[in-house]
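Let's take a walk through this structure, one piece at a time. Keep the viewer open as you read.

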Amino acid sequence: MRCSVSIITAFAAVGTFALPAAVLPRQHSDDHSHDAAAAAWDEGATHDFVIHESCNSTEMIQLRKGLADAVILADHAKHHILRYGNSSDHYRKYFGDAPSGEAIGHYERVINGDKGNALFRCDNPDGNCEQPEWGGHWRGENATNETVICPLSYSTRRPLEQLCAMGYTVAEGESNTYFGSDLLHRLYHMPAFGENYVDHFAETYAEALELAQTNSSYATHDSDTLQYFALDVYAYDIAVPGVGCPGTVTVEASSMEEPASSAMATSMDAHSSPSHAPEPVTPVSAGAANGVTSAPQNCHTHADGELHCE
């Protein structure tokens, strides 16, 4: 008892303990001007693809689905690179030892870039849809922000769910077999997405693989290479996990490579590891690359004179 009294007396001698101040709830201001100002930087942004009124309801449904597939392809391609950097077999097959940031950026532009300066239309303002085998075209100088999708596309392009089906392989099939990959190519033609930087430095699958070997700095902004990589990694990672449908192709020596005593043919598969030897590359254009004055079958000339083979 004496001990308890002593302790109480000691506390009294020190003085009264100060209690912590009560914690009051945060006061919320009715002035939302700061929040409004913070959000204003994105005012007027266009987050969805713009489709022209010339497209009827069925065309619009298919076009929206195709554009959604293009975004899915781009999104997975980006995430594959973010996961593995420039070290995966697939990356090195298509982009060599180039740094991965550029390819990531081109895919991200399709996914989240502003879409207000790109218009898809279904009429035939330039008359090009009358050409046999034309699935669509960028309008070029006639209207740099517009792309026409011709009726042929709506009857022939496949949905992404059919990737690897019916004998398709990335190496041996056409890159525009699927609406999503076809539209990915068409998006890069428009300055809003390709920024006049993504271009055609290779015209075939074999040339795309060769570009990765001989000039990987161009491979990361080659339109066809970006398509092929997106298709190949989606097939391997998602459509048929761990297997994919890469196919095989024979690559012959060409003017892109350094002179050799004889032409060499190499079978390229999904696990190729190309090297890097930078040299200037000129975008493939009509006439200069093909020596033709009219578009051959499955090829077309864009409004700016560029020949592209579908």
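This is a predicted model: local features need pLDDT of at least 70, side-chain atom pairs count only at pLDDT 80 or more; totals for chains, interfaces and linings use all residues.

**A tour of the fold**

As a reminder, strands of a sheet pair through backbone hydrogen bonds, either parallel or antiparallel. Here, strand 1 and strand 2 run parallel and are joined by two bridges. If you want to find one of the residues involved, look at I51, whose bridge partner in strand 2 is F120.

Start with C55 and C122, which are joined by a disulfide with an S to S distance of 1.9 Å. This pair ties together distant parts of the chain, 67 residues apart: C55 is in the loop between strand 1 (50–51) and helix 3 (57–84), while C122 is in the loop between strand 2 (119–121) and strand 3 (136–138). The torsion about the S-S bond of C55 and C122 is about 90°, so this disulfide is right-handed. Is C55 buried or exposed? The cut-off for buried is under 20% relative accessible area, so C55, at 5%, counts as buried. C122 has a relative accessible area of 10%, so C122 is buried too.

Then there's the disulfide between C129 and C150, with the sulfur atoms 2.0 Å apart. Again the pair links distant parts of the chain, this time 21 residues apart, with C129 in the loop between strand 2 and strand 3 and C150 in the loop between strand 4 (146–149) and helix 6 (151–156). The S-S torsion of C129 and C150 is about -80°, so this disulfide is left-handed. C129 is buried at a relative accessible area of 18%, and C150 is buried at 0%.

That leaves C164 and C245, whose sulfur atoms are 2.1 Å apart in their disulfide. C164 is in the loop between helix 6 and helix 7 (179–189), C245 is in the loop between helix 11 (223–239) and strand 5 (249–252), and the two are 81 residues apart. With a torsion of about -75° about the S-S bond, the C164 and C245 disulfide is left-handed. Both C164 and C245 are buried.

On to helix packing. Two packed helices are described by the angle between their axes and the distance between the axes. For helix 3 and helix 11, the angle is about 75° and the axes are 9 Å apart. Roughly perpendicular means 65 to 115 degrees, so helix 3 is roughly perpendicular to helix 11. Helix 3 makes the contact with I72, L73, H76, A77, H80 and I81, and helix 11 with F229, A230, L231, V233, Y234, D237 and I238. Sorted by class, this contact of helix 3 with helix 11 has 10 nonpolar, two polar and one charged residues.

One last stop: helix 9 (residues 205–214). Eight of its 10 residues are buried, so helix 9 is largely enclosed by the rest of the structure. The buried ones are Y205, A206, A208, L209, E210, L211, A212 and T214.

Key: Residues are numbered from 1 along each chain as its sequence is written. Side-chain values use heavy atoms; hydrogens and water are left out. Buried means under 20% relative accessible area, exposed over 50%, partly exposed in between (1.4 Å probe, protein chains only). Helices (H or I, at least four residues) and strands (E, at least two) are DSSP runs, numbered from the N terminus. A disulfide is a pair of cysteine sulfur atoms within 2.5 Å. Axes are lines fitted to C-alpha atoms, for helices over the stretch in contact, and angles run from 0 to 180 degrees between N-to-C directions. Angles under 35 degrees count as roughly parallel, over 145 as roughly antiparallel, 65 to 115 as roughly perpendicular and the rest as oblique. Contact means heavy atoms within 4.5 Å. Ala, Val, Leu, Ile, Met, Phe, Trp, Tyr, Cys and Pro count as nonpolar, Asp, Glu, Lys and Arg as charged, and the others, Gly among them, as polar. Two strands pair if DSSP finds at least two bridges between them.
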